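Trainee: I would like to go through this structure step by step. Please keep the answers plain and define the terms as they come up.

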Amino acid sequence: PTILESIGLALYTACYFLAITCFIGSIVGQSAPHFISRIEDKRKILALVSLAIAASFSGIVFSSGWHLFIWLAFMNTGLSIVFPTSLLLTVTRGSSPENTRSLSIMSQSFGYLLAAIAPVIFGLVFDITNNWNYALAIPLALSLVMAVNSFSAGAAKKI
C-alpha cells in the first residue's frame, strides 16, 4: 500500500486494490497446480507467467489510477501460480524419493533465503534512492531471471 500511496492512490484504495487482487490470486493459486500438473512440458506456461509478473512490475512503475488494479491482479495471480507450481516441480521432477527430498531441500532453502533477504535489499534501495521505481526493478529483474530459468525447470524430464 505504501508504494501505491506514493504513486497517488489513497491509502484506502491501495489497500482495497491489494485485498481484492490477493483474493483473486489465492483462488487461482489453489487450483493452478491441479491444471499445470496435467501439462507435460511446463516451460511455456512458466515463462509466460513469469513474463506477466515482470510486466506487472513494469506496469506499476509506469501506470497510475485504476490501471494499477490490473497490474496488481497480474502480479498477485502470477505469484500465486508460480509458488505452488515450484513446489509441484520438486515432486514431479525427482527421479527417486531421495532425489526429490534433496531437490526440495535445495530449492526451498534458496527460495526462503531469497524471501528473507529481498525485503531488506528492497528497503535499502528505497532508502538510498528515495524512489520506489528503483526498488521495483529488483522484483522485475528476478521475474526475468525466473522466465529464463523456466525453460530448464519446466522441462518434461527427471533430475
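**Aromatic pairs, cysteines and a pocket**

Mentor: Tyrosine 16 has a relative accessible area of 45%, so this residue is partly exposed. Buried means under 20% relative accessible area, exposed over 50%, and partly exposed in between, with a 1.4 Å probe and protein chains only. This is a predicted model, in which local features need pLDDT of at least 70 and side-chain atom pairs count only at pLDDT 80 or more, while totals for chains, interfaces and linings use all residues. Residues are numbered from 1 along each chain as its sequence is written, and side-chain values use heavy atoms, with hydrogens and water left out.

Trainee: Is tyrosine 12 buried or exposed?

Mentor: Tyrosine 12 lies four residues from tyrosine 16, about one turn along helix α2 (residues 11-36). Helices are DSSP runs (H or I, at least four residues), numbered from the N terminus. Because its relative accessibility is 66%, tyrosine 12 counts as exposed.

Trainee: Why is the pair of tyrosine 12 and tyrosine 16 called stacked?

Mentor: The structure holds five aromatic pairs. Rings of Phe, Tyr and Trp (its six-membered ring) pair if their centres lie within 6.5 Å; planes under 30 degrees apart count as stacked, over 60 as edge-to-face and the rest as tilted. The ring centres of tyrosine 12 and tyrosine 16 are 6.5 Å apart, and the pair is stacked because the planes meet at 10°.

Trainee: What is the angle between the planes of phenylalanine 17 and phenylalanine 69?

Mentor: Phenylalanine 17 and phenylalanine 69 form an edge-to-face pair, 5.3 Å centre to centre, and the angle between the planes is 70°.  This pair links distant parts of the chain, 52 residues apart, with phenylalanine 17 in helix α2 and phenylalanine 69 in helix α4. Phenylalanine 17 is buried because its relative accessibility is 10%, whereas phenylalanine 69 is partly exposed at 25%. The angle asked for is 70°.

Trainee: How many disulfides does the structure hold?

Mentor: A disulfide is a pair of cysteine sulfur atoms within 2.5 Å. For cysteine 15, the closest cysteine sulfur is in cysteine 22, at 11 Å, so the distance is too far for a bond. Cysteine 15 is partly exposed at 36%, and cysteine 22 is partly exposed at 39%. The number of disulfides is zero.

Trainee: Which helix supplies the largest share of the lining of the largest pocket?

Mentor: On a 1 Å grid over the protein atoms alone, a pocket is an open set of points where a 1.4 Å probe fits, with protein on both sides within 12 Å along at least five of seven lines; lining residues have an atom within 4 Å of a point. The largest pocket has a volume of about 1800 Å³, the volume being the space filled by probe spheres set on the points, which are joined across faces, edges and corners. Of its 45 lining residues, those closest to the centre are Val82, Ser86, Gly111, Leu114 and Met146. The largest share of the lining, twelve residues, comes from α5.

Trainee: Which residues does serine 143 contact, leaving aside neighbours within four places in sequence?

Mentor: Serine 143 is found in helix α6. Its relative accessibility is 3%, so serine 143 counts as buried. Contact means heavy atoms within 4.5 Å. With those neighbours left aside, serine 143 is in contact with Ser50, Ile53, Ala54 and Phe57.

Note on methods: Helices (H or I, at least four residues) and strands (E, at least two) are DSSP runs, numbered from the N terminus.
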